[in-house]
Amino acid sequence: MASTRLGKHAKPLSSAPGTRALCTLGMLSEGAAALAIGVALFGMVILAGGMAYMCKVVFLMPNWALLIAACAFVALIVAVCSGRLGKSLAAFVAHRPKAIDIAVGIACLLLLVVQIRLCRYYAFVTGWDSGVIVTEAWNIANDGALSITSYLSRYPNNLFLLWIAGQCGRIALALGFSTLDGLVFIFSILNCVSCALAMWFVYRTLSMATSRTWGLAGFLLCILVIWTSPWAGIMYSDAIVVCVPAVLAYLFISAHRSKGAKRVVLFALMGLVGVLGYKIKPQVLFMLFAVGFLLLVRLGFTIVRAVRERRAECVGETSASLVALLVGGLVAFSLVGALVAPWTSQLDEDAQFGMTHFLMMGMNPDSRGVYWEEDVTFSGSFDDPASRSSGNLEVVIDRVKEYGPVGLAGLFGDKLMTNFNDGTFAWGQEGHFFDYLPPESDSALASLVRSFYYPEGANYDLWRTYAQFVWILVLACCFVGLISSCTHSFLNRKSGMAHGLMTFTFVISLAMLMLIVFELLFEARARYLYSSATLFIFFAVLGMRWMLSRAHEWRASR
């Protein structure tokens with residue numbers, strides 16, 4: 001990417017150890033992620049109509065038409081921004097950085113208030129795991145007793161989520177709410193706060209990596225994708241952590257610009273935030289994994305340089321950053337462990353389902369990698385985690401053998417569509433999702449809002465089609481951003497010269513790639529992408545930025 005920067009305080013990446021290796025790794029991760037997104041888009045636009053995959057959604061317009069509309073919309077935006085109006089706007093933003101920051105901050109607060117109000121209209125108690133957690137949290141808020149030990153023994157990863165929901169239940173009781181709806185509403189406020197934080201940190205991160213103009217573009221995309229999503233009105237782990245990848249990206253890029261104690265503190269915060277997010281939603285940990293991998297690569301090359309130059313002191317900065325990351329994570333583990341300790345002792349450790357269970361479910365030929373009750377029954381038939389994991393792996397191996405290379409490719413194709421071909425992020429796809437909708441409201445505004453998000457609403461299909469349109473737009477621009485970034489890494493891999501943005505794109509693309517591979521191997525659901533939607537938004541903005549730079553070059557050559 002031409003003329004990219006990381007800010008005036010950025011350390012030139014070419015001076016960092018292992019830069020050539022990072023260029024190569026960046027090229028590989030960005031290229032692999034681009035391939036995955038490209039295959040997903042091809043499947044969505046060309047093949048999905050004739051495929052019979054799980055959780056399939058039909059929209060008012062076919063995907064090919066939505067893609068054409070998205071391309072036309074982006075082309076229009078690029079054409080306008082490459083002209084005088086766009087240049088004037090960019091200059092206006094560039095000369096008023098503090099004013100723009102304040103304006104975006106105020107906009108985030110206003111959108112937060114509006115979203116909370118909207119959630120009051122449509123938030124509801126749902127079924128599946130969410131309903132289990134809501135009911136148990138309400139019981140805990142009322143009498144403090146834990147009752148669903150069998151469920152939590154199987155899925156202890158939901159303990160921290162239950163603790164948060166329990167605090168929301170206590171707040172709801174203190175405010176005079178007497179039903180489960182009050183708890184869901186209080187929890188939805190946390191979801192809305194997370195959404196506002198996601199918008200703010202996407203804006204700040206892109207502003208630091210490129211410019212405030214592109215920070216604004218990311219902010220607007222967050223509104224279109226995250227803010228309009230009704231997942232904020234559901235009490236579960238998806239929306240409450242939607243800010244975590246953006247916060248981690250901001251902390252990472254801030255640490256890249258910093259030195260000394262401040263840099264160490266930022267990496268410690270990264271470990272703290274990342275693990276807290278992981279204890280709520282495991283998928284958000286991939287951003288932390290990517291940062292840790294980057295530091296390990298840097299540390300390896302730094303040690304080599306230190307040995308060659310006989311200067312041990314140059315190892316200090318990278319090793320201190322890595323240690324701080326680990327310490328921050330350990331603090332988060334300890335904190336969560338202390339909060340849920342009163343419940344942990346009541347659980348049956350032998351009943352816990354491990355990752356092999358979800359891997360087995362991800363390979364299920366009947367559900368095509370989606371939740372399957374018979375797999376749950378099978379895993380529950382074992383007496384201890386060791387035998388359960390062994391039994392799960394035996395089934396996985398048998399299923400992979402039965403698939404063969406062609407069958408496995410077909411499974412991954414179906415799961416790719418399940419994960420990506422739904423811009424609503426599987427809204428309404430979970431069991432008993434709409435079984436507990438609130439009664440009709442006398443408020444005209446409440447009825448209007450519900451008409452978009454409730455299945456019997458007059459505007460339900462319209463909203464779903466809008467969500468799919470925006471998601472296809474993000475994926476298409478994300479694909480362009482990954483390709484352009486991969487090309488940039490390729491061109492710089494030999495010279496070792498690269499801009500600071502390369503490190504950022506490497507971390508984001510690696511986190512995105514790990515997420516995609518994880519969802520292909522383990523249980524599939526589009527909902528699992530929602531909590532990491534900001535990763536796709538980052539690259540979508542970079543894709544738009546690349547297209548605008550090409551438009552400027554074309555205009556200049558005329």
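This is a predicted model: local features need pLDDT of at least 70, side-chain atom pairs count only at pLDDT 80 or more; totals for chains, interfaces and linings use all residues.
The largest nonpolar core comprises 180 residues. Within this core, the residues with the most contacts are Met199, Ile226, Met270, Phe420, Trp427 and Phe536. Helix H8, spanning residues 180-209, supplies the largest share of the core, at 16 residues.

The surroundings of Trp427 were examined beyond its neighbours within four places in sequence. With those neighbours set aside, Trp427 is in contact with the aromatic residues Phe124, Trp231, Phe433, Phe434, Tyr453, Tyr460 and Trp463. Pro230, Ile234 and Asp422 are also in contact with Trp427.

The cysteines were then considered. A disulfide is a covalent bond between the sulfur atoms of two cysteines. The count of disulfides in the model is zero. For Cys477, the closest cysteine sulfur is that of Cys71, at 7.8 Å. This distance is too far for a bond, because a disulfide requires the two sulfur atoms to lie within 2.5 Å. Cys477 has a relative accessible area of 3% and is therefore buried. Cys55 is likewise buried, its relative accessible area of 17% being under the 20% limit.

On the surface, a nonpolar patch is formed by Phe42, Ile46 and Leu47. Together these residues have about 300 Å² of accessible area. Leu47 belongs to helix H1, which covers residues 19-47. The relative accessibility of Leu47 is 41%, so this residue counts as partly exposed, a class that lies between the 20% and 50% limits.

Notes
Residues are numbered from 1 along each chain as its sequence is written. Side-chain values use heavy atoms; hydrogens and water are left out. Buried means under 20% relative accessible area, exposed over 50%, partly exposed in between (1.4 Å probe, protein chains only). A nonpolar core is a set of buried Ala, Val, Leu, Ile, Met, Phe, Trp, Tyr and Cys residues joined through side-chain atoms within 4.5 Å. Helices (H or I, at least four residues) and strands (E, at least two) are DSSP runs, numbered from the N terminus. Contact means heavy atoms within 4.5 Å. Patches are made of residues with over 30% relative accessible area and no salt bridge: like charges are joined within 9 Å, nonpolar side chains (Val, Leu, Ile, Met, Phe, Trp, Tyr) within 5 Å. Accessible areas come from the Shrake-Rupley method with a 1.4 Å probe; for residues, only the protein chains shown count as cover. A salt bridge is a side-chain nitrogen of Lys or Arg within 4 Å of a carboxyl oxygen of Asp or Glu.
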